[in-house]
Amino acid sequence: QVQLVESGGGLVQPGGSLRLSCAASGSVFSINAMAWYRQAPGKERELVATITSGGSTNYADSVKGRFTISRDNAKNTVDLQMNSLKPEDTAVYYCNAEVLTTRLSKYNYWGQGTQVTVSS
């Protein structure tokens, strides 16, 4: 079994910054892509940013230039640095990872979510 545990959410004023972290633990052989998603009230979950095991990144247009995704392969962690936050960034943020528990067994895992609220 694999667990993804997020931390770092909270309340921040518009224009402020937050850093989210996610750590994978358990039966991790290796991790392919890692990602952050978010879901605002009444809306569908949307992809925010992805990062491959080699470090290639991709971002939603709405966060380009403001958010930065990074990972530490040795620690099985992925972070999301969020700058210049806007009220529309308010959502529950979820960590996602494609985890190999053995050389041939691949599964998709989600964290429990962490609330980010941008408000004055």
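Is leucine 100 buried or exposed, and at what relative accessibility? Leucine 100 counts as buried, at 13% relative accessibility. Buried means under 20% relative accessible area, exposed over 50%, and partly exposed in between, with a 1.4 Å probe and protein chains only. This is a predicted model, in which local features need pLDDT of at least 70, side-chain atom pairs count only at pLDDT 80 or more, and totals for chains, interfaces and linings use all residues. Residues are numbered from 1 along each chain as its sequence is written, and side-chain values use heavy atoms, with hydrogens and water left out.

**View 1. The whole chain.**
The chain has zero helices and eleven strands. Helices (H or I, at least four residues) and strands (E, at least two) are DSSP runs, numbered from the N terminus. Along the sequence the pattern reads β-β-β-β-β-β-β-β-β-β-β. The radius of gyration is 14 Å, close to the 14 Å that the globule rule gives for 120 residues, so the chain is as compact as a globular protein of that length. That radius is taken over C-alpha atoms, and the rule is 2.2 Å times the number of residues to the power 0.38. The C-alpha trace spans about 45 × 25 × 25 Å along its principal axes. Of the 120 residues in the chain, 38% are buried. Among contacts between residues at least 6 apart in sequence, 55% join residues at least 24 apart. Contact means heavy atoms within 4.5 Å.

**View 2. Leucine 100 and its surroundings.**
Leucine 100 lies in strand E9. Neighbours within four places in sequence are left aside here. The contacts of leucine 100 are then Ser27, Val28, Phe29, Ser30, Asn32, Ser105 and Lys106. Isoleucine 51 is 49 residues away along the chain, and its C-alpha atom is separated from that of leucine 100 by 16 Å.

**View 3. The disulfide.**
A search of the whole structure finds one disulfide. The term means a pair of cysteine sulfur atoms within 2.5 Å. Cysteine 22 is joined to cysteine 95, with an S to S distance of 2.1 Å. Cysteine 22 lies in strand E3 (residues 18-26) and cysteine 95 in strand E9 (residues 91-100), so the pair ties together parts that are 73 residues apart in sequence. The torsion about the S-S bond of cysteine 22 and cysteine 95 is about -80°, so the disulfide is left-handed. Both ends are buried: cysteine 22 has a relative accessible area of 1%, and cysteine 95 has 0%.

**View 4. The four-stranded sheet.**
Four strands form an open, antiparallel sheet in the order E1-E3-E8-E7. Two strands pair if DSSP finds at least two bridges between them. The edge strands are E1 (2-7) and E7 (67-72), each pairing on one side only. Neighbouring strands of this sheet are turned by 15° against each other on average, direction ignored. Axes for such angles are lines fitted to C-alpha atoms, for helices over the stretch in contact, and angles run from 0 to 180 degrees between N-to-C directions.

**View 5. Bridges of strand E3.**
Six bridges join E1 to E3, and the two run antiparallel. Valine 2 has glycine 26 in E3 as its bridge partner. Leucine 4 has alanine 24 in E3 as its partner. E3 and E8 also pair in the antiparallel sense, over six bridges. Here cysteine 22 stands opposite valine 78 in E8.

**View 6. The largest nonpolar core.**
This core has 31 residues, of which Trp36, Leu80, Met82 and Tyr93 touch the most other members. A nonpolar core is a set of buried Ala, Val, Leu, Ile, Met, Phe, Trp, Tyr and Cys residues joined through side-chain atoms within 4.5 Å. At least two residues each come from E1, E3, strand E4 (30-39), strand E5 (46-51), E7, E8, E9 and strand E11 (114-118). E9 gives the largest share, five residues. Leaving aside neighbours within four places in sequence, methionine 82 is in contact with Gly16, Ser17, Leu18, Leu20, Arg66, Phe67, Tyr93 and Val116.

**View 7. Two residues with positive phi.**
Most residues other than glycine have a negative phi. Asparagine 76 has a positive phi, near 55°. Asparagine 76 sits in the loop between E7 and strand E8 (77-82). Serine 84 has a positive phi near 50°. Its place is in the loop between E8 and E9. Serine 84 is partly exposed, with a relative accessible area of 41%.
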